[in-house]
Amino acid sequence: EELVARAIAPVKREFLRPPPSSANLVQEKKSKRQLKRERRQEQKSPLNLCPEIAKTGDVNACSYKDKCRFSHDIEAFMAQKPADLEGDCPFCPYGLACRFAGTHKKKSSEVNGLNKDVQKLLWKNKMRFTKADVVVKSLGLELRPLKKAKDKSLKIHPREKMLIDFREKLYLAPLTTVGNLPFRRVCKTLGADVTCGEMAMCTNLLQGQASEWALLRRHSSEDLFGVQICGAYPDTIARTVELIEKECTVDFIDINMGCPIDIVVDKGAGSFLLTKPLRMKGIIQAASGTVDKPITVKVRTGYFGGKNRIDSLIADIGSWGATALTIHGRSRQQRYSKLADWDYIYQCAQKAPCTLQVLGNGDIFSYLDWNNRKTDCPELSTCMIARGALIKPWLFTEIKEQRHWDISSQERLNILKEYVRFGLEHWGSDKKGVETTRHFLLEWLSYACRYIPVGLLDVIPQRLNWRPPSYYGRDDLETLMASDSAADWIRISEMLLGKVPDGFTFAPKHKSNAYDRAENG
């Protein structure tokens, strides 16, 4: 009871061990300038064979010839190429560079790539947003400079919105960095019903940034899929949703009005919008009036702690055009400190109009948590699962099967193997793809190490705010998976992806507070 009161996981005494020495602390990240210099040096290495030459095996295939920034020396590349990995190539346009030589076979199952012609129009600021601009003008909202469509014959007509019934569905929240496509595929295999892409910034999408468009990619297994966007102004949001409806295959578009991160808030987006209800109104109306896809919104309880405001806006949010509202039970000021305020979420759900589905979000980490939230407030359509899925993605299975799964270390390793296979399909099976897969695997392991096996606890289920003490697992692999040392995460990655390159280091993206900062909003 004393440990639980201090938010320390009550691990059985026989499994406890002394905390590791400070020698295991993760190394500091390199500066951006240093990383850029190292990338330039690496590009000139024979190991970085030109992609065109790698694909064709023909040294004359590259149109850049001597001006190409990559190596054209096939012989030197083959001499230095790392040993191939075991298994078959999942999907490969990489030719000689593939780490699964001689096993190329199948096509990609992903959609929502950025068309090159569209990207060029976005780069040159020549993309026309006919529907979005008409809607924004009709609402009397500011239309900031961009190339405007000349067709004035378009009018807005009331339309029947396509609706999605979220009731009782298990919804994997959009998660920064770790909520990538391969992770979402893992969650789908474990029982998730609804998935949503990582938060994408509207300004970056409208500029045609390939890295931002990659966040909209969808796998064919994601049968109920949305994308989450974040922007500060109605015209920006309207143009973005028009572009997404035109270029992507999605079932709904979610607008983030809850992200607490400073760099987002300082631009007037995310949770900053909670202080500007008229701008919230303009954004939701502009988005809803521009596209037929359902528009959903994610918010926090308010901007400042103790000053909740969603209950006073919830009736309006439905009338503005949103079809669903997800409420994270914390204010922006709270970030992730203290437990989510589910009583306030219930209050909002009970005030919502019947046309607006309300979803709750915060601290769901067991099937009992899920059951209690749904029982306490029947007005809730469903609950969104965020950080709990990062630590144990089999939470979806536990909810559907109504049990605490005392999963073995080998079963957990099999899930990691599945993730690696999905990662190589998504990011590629050449050297770069392998290392990208490794990087995101390590980011995930920085969360997954917080899981404590059911059989080791004196009190079940584990709570999301419990901090695990140092403990021994029931076998060596379980002990390794419990480590919070980056060196041990790297060892796990080597079991799945081979040895790391010389000089390899890793620090989690949000090293200071990785546990609390994956969920935007």
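Trainee: First up, where is Val-500 found?
Mentor: Val-500 sits in the segment after H21. Helices here are DSSP runs of H or I with at least four residues, strands are E runs with at least two, and both are numbered from the N terminus. Keep in mind that this is a predicted model: local features need pLDDT of at least 70, side-chain atom pairs count only at pLDDT 80 or more, and totals for chains, interfaces and linings use all residues. Residues are numbered from 1 along each chain as its sequence is written, and side-chain values use heavy atoms, with hydrogens and water left out.

Trainee: Is Val-500 buried or exposed?
Mentor: Buried, because its relative accessibility is 19%. Buried means under 20% relative accessible area, exposed means over 50%, and partly exposed is in between (1.4 Å probe, protein chains only).

Trainee: How far apart are the C-alpha atoms of Val-500 and Ile-490?
Mentor: They are separated by 7.9 Å. Along the chain, Val-500 and Ile-490 are 10 residues apart.

Trainee: Let's do rings. How many aromatic pairs does the structure hold?
Mentor: It holds 10. Rings of Phe, Tyr and Trp (its six-membered ring) pair if their centres lie within 6.5 Å; planes under 30 degrees apart are stacked, over 60 edge-to-face, and the rest tilted. One of the pairs is Tyr-303 with Phe-304: the planes stand at 75°, so it is edge-to-face, and the centres are 4.8 Å apart.

Trainee: Which residues form an aromatic cluster?
Mentor: Phe-166, Tyr-171 and Phe-252 form one.

Trainee: Which charged end sits over the ring of Phe-304?
Mentor: That of Lys-307, 5.8 Å from the ring centre. The rule asks for NZ of Lys or CZ of Arg within 6 Å of the ring centre and within 35 degrees of the ring normal. Lys-392 does this over Phe-365, at 4.9 Å.

Trainee: New topic. How many cavities of 30 Å³ or more are there?
Mentor: Six. A cavity is a set of points on a 1 Å grid over the protein atoms alone where a 1.4 Å probe fits but cannot get out, and lining residues have an atom within 4 Å of a point.

Trainee: What is the peptide bond from Ile-460 to Pro-461 like?
Mentor: It is cis, with omega near 5°. Most peptide bonds are trans. Pro-461 lies in the loop between H19 and helix H20 (476-481).

Trainee: Now helix H7. How many of its nine residues are buried?
Mentor: Eight, so H7 (residues 181-189) is largely enclosed by the rest of the structure. Arg-184, Arg-185 and Lys-188 are among the buried ones.

Trainee: Which residue caps the N-terminal end of H7?
Mentor: Asn-180, with a side-chain oxygen 3.1 Å from the backbone nitrogen of Phe-183. After H7 comes Gly-191, whose phi is positive, near 120°.

Trainee: Last one. Where does Ala-7 lie?
Mentor: In the loop between helix H1 (2-5) and helix H2 (32-43). Ala-7 is buried at 18%. Asp-363 also has a positive phi, near 70°. Asp-363 is in the loop between strand S10 (357-361) and helix H15 (367-376), and is buried at 16%.

Methods. 1 Å grid on protein atoms, 1.4 Å probe; cavity = no way out; pocket = protein on both sides within 12 Å on 5 of 7 lines; lining within 4 Å. Points joined across faces, edges and corners; volume = space filled by probe spheres on them. Polar contact = N/O pair within 3.5 Å; in protein donor to acceptor, adjacent residues only side chain to side chain.
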